[in-house]
Amino acid sequence: MVPTGIPGLDYVLSGGFPANHLYLVEGDPGTGKTTLALQYLLNGRANGEKGLYVTLSETKAELVTVAASHGWSLDGIGLFELESLEQRLQAEQQYTVFHPSEVELGETTRLICDQVEKLQPTRVVFDSLSEMRLLARDPLRYRRQVLALKQFFAGRKCTVILLDDRTSVETDLQLQSISHGVLVLERVGVEYGGARRRLIVSKMRGLQFREGLHDFNIERGGLVVYPRLVAAEHKHDNHNNGYVPREVAKSGIAGLDSLLGGGLHFGTSTLALGPAGSGKSTLVTQFARAMAQAGERVACYVFEETRDNFLDRAAGLGMDLRETIDKGIVMVEQIDPAEISPGEFAQKVRTAVEGGPDGKKARIIIIDSLNGYLNSMPTEGFLVIQMHELLMYLNERGVLTLMVLAQHGLVGSAMQSPVDVTYLADTVIVLRYFEAFGEVRQAIAVVKKRTGAHERSIREFKLSAEGIEVGEPLKNFEGVLTGVPSFTGRRETLISDDRVG
């Protein structure tokens, strides 16, 4: 196997390219083909291999500039352009200059082969085939020349990457059939925010690669590929299939833990569902604070508000997380939905769970909220499927996942969810407003819990400067399921109004 030097891509390819074959990398201009090719050659240089970059469409100076933008030096890598502009203008060079109207394709191929014979590289990049296609003019002649190149490299223990910018009118399926493998890079524009880049391995002979679309970014330092998350690849069997009781996470609030049948179980997912301002984020923050105090590492991903606002709000409700953040127990990261792809977000979560550079592994993941996650992929039609894979992966890792989903509307049947993920979550906590004695109050109920029993009652839920307060079960409640809850009991059964929530 010949690694590409891009960890995510090598993971997709199960180690890299099978050695001594010819591969095609296709993509429109701006998709990152040149950057990928340079990383491939730089990886070879790091492993003591000779590399050659044959450029027909860019100058050496342009390649050096591209490399410098990533902080790279191309020393030790052969760069070969057919002729400089000054040489092309010399009359005596008319018949060896690369120009579609003057130079035969066979002469161009001969010059390339001579350079390969001289350097004896083990890695070669050919950029780009569109220039050769223009030279050939005839499809049959073009195919024969590509076949000749393939046969030439086949006997020289050389792994070759051909770059193609797909400027031809139609997709060149003949070229794909000749290549041992085909990698396609895509750049997808969105109505708002940065463009999304994706890659797909459409063909790879003799290799069990990971299929599907994989997100990637071009950053300083090269391509960063985020392989598509497949939960089935991360199954754990640490207990020889024997039943082991799940650990329980407690919130530290007696009424809330009673409502949840004792608490939430690790290896499950919980969804807090309700209208804006009903206390969903505060609820999951309470679990984060309680588990951090117990020594469990927590990773919070905040979509809806800034990191500072999140921390200030928590502190204002008696749940200051800054001390645990300073100790490295809690991590809060602000996510910009317009600039992140689903694959990149999934990779962030995986890094937190599997252990980053510091080796610390998060056991509680908070996503606040799924509305923001949905906004991060406005052109995607498979949010629920991607969430399923992510939640199954986290469950397999024994992680407690807490999610927030804001419903549209405040009360009544008009309340709707932007996406239905309640069937994915193991536990669903519903928060609602209700009216009692001319006041708007909040209520909390657990409508689903797969991993054990829970209370069927409805309790009052109150926020104050001292945190969350959960009252006793409210018996005289009507209209909860219709979305217009009303309380018909006595005032004495409600939480006192001594504090303003």
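How many bridges join strand β1 to strand β6, and do these strands run parallel or antiparallel? In this predicted model, five bridges link β1 (residues 22-27) with β6 (residues 181-188), and the two strands run parallel. Within this pairing, Y23 has G181 of β6 as its bridge partner.

Strand β6 also pairs with strand β7 (residues 196-204). Here eight bridges are found, and the strands run antiparallel. V184 stands opposite I200 of β7.

Helix packing was examined next. Two packed helices are described by the angle between their axes and the distance between the axes. Helix α10 spans residues 280-293, and helix α11 spans residues 307-316. Their packing angle is about 80°, and their axes lie 11 Å apart. An angle of 65 to 115 degrees counts as roughly perpendicular, so α10 and α11 are roughly perpendicular to each other. On the α10 side, the contact is made by S281, T282 and T285. On the α11 side, F310, R313 and A314 take part.

D368 belongs to strand β15 (residues 364-368). Beyond neighbours within four places in sequence, D368 is in contact with S281, F310 and R313, among others. The contacts of D368 also include Y301, V302, F303, E304 and E305, as well as V404.

D368 is buried yet has no salt bridge. The nearest side chain of opposite charge is that of R313, 4.3 Å away. A salt bridge requires a side-chain nitrogen of Lys or Arg within 4 Å of a carboxyl oxygen of Asp or Glu.

Technical notes
Residues numbered from 1 in each chain as written. Predicted model: local features only at pLDDT ≥ 70, side-chain atom pairs only at ≥ 80, totals over all residues. Heavy atoms only, no water. Helix = DSSP H or I, 4+ residues; strand = E, 2+ residues; numbered from the N terminus. Buried < 20%, exposed > 50% of the residue type's maximum accessible area, 1.4 Å probe, protein only. Lys, Arg positive; Asp, Glu negative; His and termini not counted. Contact = heavy atoms within 4.5 Å. Pairing = 2+ DSSP bridges. Axes fitted to C-alpha atoms, helices over the stretch in contact; angles between N-to-C directions. Parallel < 35°, antiparallel > 145°, perpendicular 65-115°, else oblique.
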